[in-house]
Amino acid sequence: MEKYVCIHGHFYQPPRENAWLEVIEQQDSAYPYHDWNERISHECYGPNGASRILDSNDNIINILNNYARMSFNFGATLLQWMEVHAVEAYQQVLDADKESMERFGGYGSAMAQVYNHLIMPLANKKDKQTQVIWGIKDFEYRFGRKPEGIWLAETAVDVETLEVLAENNIKFTVLAPRQAKSIRKNGEESWQDVNGERIDTRRPYTCKLPSGKEIALYFYDGKVSQDIAFKGLLIDGKDFAHQLLEGFNDYSDAIQLVHVATDGESYGHHHKYGDMALAYCLDYIESAGLAKLTNYAQFLSIAPPTWQVEIHDNSSWSCVHGVERWRNDCGCSSGMNLGWNQKWRAPLRNSLDWLRDQLTSVFEKELGKYIKNPWDARNAYIEVILDRGEVNVDQFLTKWCIEMPKNEQKTKVIRMLEMQRHAMLMYTSCGWFFDEISGIETTQILQYADRAIQLAESESNVLLEKEFLKRLTEAPSNLPDLKNGAIVHKKYVQPSRLTLSKVGSHYAVASLFEDFPETLTICNYRAESESYERLEAGTLRLAVGKTQVHSLITLSVRKFYFAVIWLGQNHIIGNSSSYMEDEDFVKMSEEIKSAFSNSQVAEVIGIMQTYFGPEKFSLWNLFKDEQIKVLNEIVMKDVIQAEDSFRRIYNRNYNIMTVMDEARLPIPSVLIKNLENVINSDIRHFFENGNLYPNRLEKLAIDALKWKVELDKTTISFAASSKMYLLMRSLRPEDHDYKTIDIILRVFHVMKDLNIELDLRDFQNEYFNLGKKLLEDHTILKFKDQKSKMEWIRKYLELGKFIKVKLPSRMEHIIE
C-alpha cells in the first residue's frame, strides 16, 4: 500500500479596502499593527513561509517554507494586498509553488480561488462565470501557470458551479465530507448512500455533469480537520502527524490519500505557533518515511478516480443547513452573542439581489452603447484590475470597444465596469457570516453596494439609493439604537462616500503639511495643481490653489479651486468651488494673500466666503490615516516640548528622589509619573532614532529597574524588534562589522533584564539565512587576517546561542 498525505490551507481575508480609496484605513483593534491584514500577515502568512524546526532544547535547527510541502490557496484580493504591503511573504508564496513543482513531479501546490469569495450557489450564472474567470486569470498573472484546481468560498457548491469550473478547464476542487450524497464504482449502476459523512475520503471521485463534462472531487477528512481548527491538535506537531497517519486503512492495498483542509490562518493566527506544528508534522512524516507528501494535482495523476460521486446541491463546509447561513436566520452564528438573531440576513440578501438586477439593466444599456458584448468585456476586465497603467487600459478599450472612446466616454466605460466589480464585491461571504448587520464585515459589503449605486446613478438617469435604503429597513439590527439596515447604512456607510470634490478638499488640507504639495498622490487619486501658493506667518499657514483631481481607477477628472487657512492646532478652515472664472481666481488670490500678509485673519475668512460661499471644509475632511498623520504632526512640536520639560524635571529632581528613596520617604506621585514618562519615552526614542549607543540604553535600564518603572512593553518591543531586524539585515561578515554584533548582544541583554520579549522571527530568519550563505560560500568572509575572521564567527555563533538558532556544527570549522 502506498500512503500519501496532503494538508490544505485556505488562506483568505475579506477585502477590507475602503470602496472609494482602495486602501485599508487604520484599524485600531489591530494595534500595534496598522490593520488586521498586516497583523495576520505577521502572525501567519510570513511565518508559514519561514517556519521553524526545533531541537529538544527549543533551538531552531532549520527554517522551512511550509507552502512548498502542503496544498494551499490564497484569495486573489488578499494576494493583491500582499503584493504591495507584505512583499516578502508574497514572494515566499510564489517561490513555494515553484519549489512544489520540483518536489511533486511538476505539479504545483497552489490552487486558484473564486475571485472575491462569494457564495457560488447563491450567485447567478454570469457572476459565477466571472468569479471563476477572474480567479483563474489572477492566478495565472501571479503564479505564471494555469491552475488545475480551484477553491470554492466556504466550499459552497451546486451542480451549475461545477459546470462552470469544468467549462474553464478546472480539473478538481475540494469539498467537505457531508457534501457527498452517494457514490458508485465505475461501471456499476447502483448508488451507495454516503450521507452523514460516510464517504471514504482517501480517494478522489469523478462527478459526471449534465453537460457531459466531468470534474474530480476530493472530500477532506472532516474529523481531523475539525481537530486542527477547533480542538487543539496544533499543540504538538508529532501528535498532529500521528493523527493523520491513523487515517490510513492498513487492511487495504489501494493507494490512499489522507488529507485535511482548514482555514490557513489556523497555522499561526488562530493558534499561536501553529505554523511550527505544521512544519514539524510535515518534516516528521517525510524524514521518517511514514508516508509521501503530495498535493491534489499530483495525486490525481497518480491515482485517477475509479469511483463516481453525486453531491448535495447548495451545501458548504461551514453551515450544516447548506448555504442558509448566507441568506437566512438558520441558527448558525459565532455563538458569542446570546439572544441575538440573524433575521437581517434574508432582507440583506434580497436587497442586494434587487440592486444587482437593477445594475445589470444599467450596465447592459449604458455599456452596450460602446461595447457589443458587455459581459465578455466584464470577464476580461480582470486584465485592467491587474494592471491599471494607461497603456494597458488603452489596449483593453481598443480590443473591446466598437471604436476607441474619447475622454468622458472612456471614463464612462471604465465606470460601468467598476460598477460591476463592486456589484460582485458586495456579495463577499463574510457580510453574512457573523451575528449583526452593523458588524464591520457587513458594513464593508454595504460600502461596495453604495459605490456601485453611486457609479450607476452618475452614468444613467436611474435612481437606486432611495429604494435600496427602503428595502434595508426590513433588515433588523440586534442593537436597539440602530434598529435596521437603513440606519446602519446612514451611520456607517454614507459618511465614507467620496466624490472628487471631497478628494479635492482632502488635498487642500493635506497640502498645508506636505513638503512638495503641488502634486500629491492620495490613495488612488492624483491631484495636480495648475496654480498653487502657500504662505506662512508665524504659526499660521494659508494655501490657495487651482487643482485637477484625477481618479486613477475610473479616469474621472474634476477641476477644483480652493483657499484654506490653518490657524494652529486642529483649527483649519477651507472653502472650495468646482468652477471659477480665471480673472476671479486671480483677484481672489491677491486679495486673500494681502489680507493674510497683514495678519487680518477675519478678513481672510470673509474673502473666502465672498468668493466661495458659506460651505466649508476642515481637518475632518481628511481621510482617517491622513487625519492621524496631520494630527501627529500638529501635536509633535508640543510633545517634544513636553518631553523636554519632563526630562528637565527628571534631571533636576533625580538626586533628591534618590535621597528620599534611600531614606524610605514617600516620593510625590507626580514625580514618579514624570519619571515613567521620561524613561518610556527615552527607551522608545533609542530604537526609533538613528545610531544605537548601548551605553545610553543600559543607563536607562538601570533607572527603570531602580525605580520599578511600569514600562510600555508593547510599544517598546515593537520598536526594538523592528530596529534589531534592520540591524541584522545590515550585518556583513567584514573586519569592521563585528562591533555590530556586540551592539546587538548588548541590546538583547538589556531587553532580557527588563523582561521585554522581542519578536525575533524576522531577525532569526536573517541570521539563519546569512549562516547558510557562509556555509555555502566561504569567499563572502572578507577579513584581512585569520584572527579577525575567528573573532567575527565566534561572536556570530554567540549571537545564535542567545536567539536560540543552532547552525550546523560545521559552521565552527570555518574558523579553522
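1. Leu555 sits in the loop that joins strand S17 (540-551) to strand S18 (557-566); helices (H or I, at least four residues) and strands (E, at least two) are DSSP runs, numbered from the N terminus. Although Leu555 is not a glycine, its phi is positive, about 70°. Its relative accessibility is 27%, so Leu555 counts as partly exposed. The cut-offs are under 20% relative accessible area for buried and over 50% for exposed, with partly exposed in between (1.4 Å probe, protein chains only).

2. On the basis of the note: this is a predicted model, in which local features need pLDDT of at least 70 and side-chain atom pairs count only at pLDDT 80 or more, while totals for chains, interfaces and linings use all residues. Residues are numbered from 1 along each chain as its sequence is written, and side-chain values use heavy atoms, with hydrogens and water left out.

3. Asn169 is another residue other than glycine with a positive phi, here near 65°. Asn169 belongs to the loop between helix H5 (159-167) and strand S7 (172-175). With a relative accessible area of 63%, Asn169 is exposed.

4. The peptide bond from Tyr31 to Pro32 is cis, and its omega is near 10°. Pro32 is in the loop between strand S1 (3-11) and helix H1 (36-49). As background to these backbone points, most residues other than glycine have a negative phi, and most peptide bonds are trans.

5. The largest nonpolar core contains 171 residues. Such a core is a set of buried Ala, Val, Leu, Ile, Met, Phe, Trp, Tyr and Cys residues joined through side-chain atoms within 4.5 Å. Ile7, Phe74, Met82, Phe240 and Leu244 have the most contacts inside the largest core.

6. What does Phe74 touch, leaving aside its neighbours within four places in sequence? Phe74 is in contact with Phe11, Tyr45, Tyr67, Leu79, Met82, Val93, Met111 and Gln113, where contact means heavy atoms within 4.5 Å.

7. Helix H7 (residues 237-245) and helix H8 (residues 274-287) have axes that come within 7 Å and cross at roughly 55°. Axes are lines fitted to C-alpha atoms, for helices over the stretch in contact, and angles run from 0 to 180 degrees between N-to-C directions. H7 and H8 are therefore oblique to each other; angles under 35 degrees count as roughly parallel, over 145 as roughly antiparallel, 65 to 115 as roughly perpendicular and the rest as oblique. On the H7 side, the contact involves Gly237, Lys238, Phe240, Ala241, His242 and Leu244, and on the H8 side Ala277, Leu278, Tyr280, Cys281, Tyr284 and Ile285.

8. The axes of helix H25 (residues 713-730) and helix H27 (residues 761-776) come within 8 Å and cross at roughly 10°. H25 and H27 are therefore roughly parallel to each other. From H25, Met724, Tyr725, Met728 and Arg729 make the contact, and from H27, Asp762, Phe763, Glu766, Tyr767 and Leu770.

9. Lys365 is part of helix H10 (residues 345-367). Lys365 is exposed, its relative accessible area being 54%. Between Lys365 and Ala720 there are 58 Å in space, C-alpha to C-alpha, and the two are 355 residues apart in sequence.
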